[in-house]
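Subject: Structure for your review

Dear colleague,

Please find below the structure that I am handing over to you. My findings follow it.

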Amino acid sequence: MSRLRTPIPGPKSLELQARRKDAVAAGVGSTLPVYIDSADDGLLIDVDGNQLIDLGSGIAVTNVGNPAPAVAEAVHAQIDRFSHTCFMITPYEGYLEVCEELNAVTPGTHEKRSVLFNSGAEAVENAVKIARHVTGRQAVVVFDHGYHGRTNLTMALTAKNMPYKHRFGPFAPEVYRVPASYPLHDGLTGAEAARNAIAAIEKQVCADNTAAVVIEPVQGEGGFIAPAPGFLPAIADWCRERGVLFVADEIQTGFCRTGSWFASDHEGVVPDLITTAKGIAGGLPLAAVTGRAEIMDAVHVGGLGGTYGGNPVACAAALGAIRTMRERDLNAAARRIEETVVGRLRAVAEKTDTIAEIRGRGAMLAIEFTERTPDVAARVAKACHEQGVVVLTCGTYGNVIRLLPPLVIPDDLLAEGLDVLEGALLA
Ligand code: PLZ
């Protein structure tokens, strides 16, 4: 393929990979140890001059492109003015503007407030802090296949042991896990799956002890699992009736990824609190909790914060990213990507019995293989990587290939990436 100049990884990447072993802790992995030198909307260019087609967006981060002109411009302008003051010491307008945008674009027209952090895990931790504080209850309910981060509390919220939790315990208490809706595996309607989840909550904890239900509206790391229609609204209704806060973790699904601003929008679900990160700032570290004003304002002054939360450069990047989402109508772009990819992959699935399902929403799409072991997904991913196409795997059973292209990916580049994937699937 003309985009590749060397085998993958190339000689310079191999050199860096050897150097890395003596410098970087072994516990942090890399899906594809190809060292990146620059990027160009949908392409990652490595140190050997190879052009890789990016169908991962750095795990749903560079939704607006990489580098996105509006993000780069805003970052340059801000870093020349000031890099940091600490919002808790002397505030600045950019933080306010990001909160105003978040309050406007997140589901629901009620009055909202936001608070900014650095990473998704930190946002989830803080959503739980706020929920416990305002309800005076301690229990947090999460779901099978859920993923919420790698800090101590969020490891407890995360379902999968390996690699996230293995030998990292003890974990935070008062976390209860209940069945999710996984249509391919459980064959249940949304209402049936919700009844099971609610019955489990009532048996194991009871609403009176429950501060929050924390849920990804489309589960990400767990396998790109969209719940059966009706599941999310039924859980949200139960929460509302019982005074339990419904917390949507939209860290992977947010900011146009699923073809609407947030995945909760697809079923008209209005969360009490919503956590965001990843796509919010076009690659700079920023995260947020947004929620009902009366909940968010219930916490005492000084109870929320952090040195870098809402860093001015990250805020400038977020404003550039959100402007790009509006100007380029990236919700529509995500829906077009869905049409293209699903159409092509469903045709491929007809030709092989290794594929159990093609699914997803917008540009958050997945192939689940029939075998509930990682073998086929790993083989397909490896074949794609060797041909310069970055795809990721996921799933409780590791048997899912996920696609998260930047929403601005040119049509011909997406088609080229899919050609390679199709070849790998049918090999
Ligand atoms: N909630 C729904 O998807 C991050 C992490 C992959 P941080 N997902 C990718 C890995 O192996 O670490 C994520 C998410 C959802 C929370 C998080 C955590 O966000 O910014 O990685 O802390």
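**Pocket and ligand site**

β4 contributes the most to the lining of the second largest pocket, with 4 residues. Strands are DSSP runs of E with at least two residues, helices are runs of H or I with at least four, and both are numbered from the N terminus. This is a predicted model, in which local features need pLDDT of at least 70 and side-chain atom pairs count only at pLDDT 80 or more, while totals for chains, interfaces and linings use all residues. Residues are numbered from 1 along each chain as its sequence is written, and side-chain values use heavy atoms, with hydrogens and water left out.

Both α4 (93-105) and β4 (112-117) supply at least two residues each to the lining of the second largest pocket. Its lining comprises 11 nonpolar, 6 polar and 2 charged residues; Ala, Val, Leu, Ile, Met, Phe, Trp, Tyr, Cys and Pro count as nonpolar, Asp, Glu, Lys and Arg as charged, and the others, Gly among them, as polar.

Turning to the ligand, the shell of residues around it divides into 5 nonpolar, 5 polar and 5 charged.
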